[in-house]
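Let's take a walk through this model together. Have the sequence and the 3D view open, and we'll stop at a few spots along the way.

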Amino acid sequence: MLILGIETSCDETAASVVKDEREILSHVVASSAQMHIQTGGIIPERAAREQIKSIIPVIEEALGKGVGWSPKEKSVPPIGAIAVTAGGPGLVGSMLVGVETAKTLSFVWSKPIVPVVHLLGHVYANWLGTEPEPQFPLLFLTVSGGHTDLFYTEKHGDYKWIGGTRDDAAGEAFDKAARLLGLPYPGGPSIAAAAAKHEIRNSRPPKSGTGGQAKFETRLPRPMIGEDGFDFSFSGLKTAVSREVNNLKNKNRLDEEVINFLAFEVQEAISDVLVEKTLKAVEKYNVSTLLLAGGVSANQRLREKFQSRILDLDLNLDFRVPLPSLCTDNASFIAGYAFYNYTPRPWKEIRAIPNANEAMEYYGINKG
Ligand code: KG4
Ligand code: ZN
């Protein structure tokens, strides 16, 4: 079967055609992120307007590339179903664009429609194009701009939430820290790039007179790293960065080198907490598969840290991270989710629900 996926939860307008669970035939993503760079973050109203402009061209392109369909033929494209992001996290205005478009196409083309909760959709990037499939029981960590959540699952459709952030999501922490450091939106990639500059510089011997490593003594907090349970908290990190930035500004010391160092520390602090707590959960739940998902899982340092700690702890773990292009928002994982959780609903029942929990309840997804 072929599924047309549609994703518009935030600032990406995406459509994909996926065949038989794992084969991506087309993968189209238009992003309004460039526009949000100027404002240092997303303005929901502007993001929604961009979605409206992009949705039809993006779907047309995905169907053209995926199945050679063109609207000029006035025929119904040869797809079996439509999957659409209808649950959060997301911005309601943006999400409505994809939802209402999918409902219209479902009605006009007489195709079943499968609603997908974005948070859960992310993890299905791990099933796309991979062989063999991830084995249950497994743990997954979704780390994005809107979520930091750990789930335990024994089968598709059944997701037991075991912990998550009490305040800011990991991606939000990257974004807010970047803003404080004067680095561009989205914060994750720009923090990673600045951190890499720091690492390169510090892999060379210090110039005489600079004091080398000793110049940087700040260590940012690793919130809740040693605490029992699987909750996270990242808002304190933002406060610590803000304090540090103000101090350094007052002393006139906030130059590029210091900014790169602080970016490095932010990345270290966030990844330390994510790795330690998640691997503690792996040990407690005794799973042999761990999947990462969400925009933050594109972070190279986070991936490397997971791999090296898994070796240190001698865990027998099938650790998987999607390709970077499948980590951030796209419609391929939305279609992927729909293959494994094929629960079409009448188009009249599909609603855009920005809160992931409420969406899981409304669509009857088991939360353990
Ligand atoms: O999953 P996603 O594309 O959208 C949401 O559903 O939120 O995640 C976006 C988040 C942003 O906060 C962005 O800064 C972060 O993922 N991100 C990264 C990286 N690429 C994107 N964070 C750290 N390192 C990256 N390479
Ligand atoms: Zn996302």
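**A look around the model**

Start at Glu276: leaving out residues up to four places away in sequence, Glu276 touches Ile225 and Arg309, where contact means heavy atoms within 4.5 Å. You'll find Glu276 in helix H8 (residues 256-285); helices (H or I, at least four residues) and strands (E, at least two) are DSSP runs, numbered from the N terminus. Glu276 counts as partly exposed because its relative accessibility is 26%, with buried meaning under 20% relative accessible area, exposed over 50%, and partly exposed in between (1.4 Å probe, protein chains only). Phe306 sits 30 residues from Glu276 along the chain, with 8.6 Å between their C-alpha atoms.

Before going on, some housekeeping: this is a predicted model, where local features need pLDDT of at least 70 and side-chain atom pairs count only at pLDDT 80 or more, while totals for chains, interfaces and linings use all residues. Residues are numbered from 1 along each chain as its sequence is written, and side-chain values use heavy atoms, leaving out hydrogens and water.

Now zoom out. On the domain 1 side, Leu119, Val123 and Cys327 supply 32% of the area buried against domain 2, more than any other three residues. The interface also has one salt bridge by the rule, namely a side-chain nitrogen of Lys or Arg within 4 Å of a carboxyl oxygen of Asp or Glu.

Thr142 counts as buried because its relative accessibility is 0%. Setting aside residues up to four places away in sequence, its contacts include Leu119, His122 and Ala293. Val143 is in strand E6 too, and is likewise buried at 0% relative accessible area. Beyond four places in sequence, Val143 is in contact with residues including Thr148, Ala170, Leu274 and Ala293.

How values were computed
Chains lettered and ligands numbered in written order. Buried area = accessible area lost by both parts, 1.4 Å probe.
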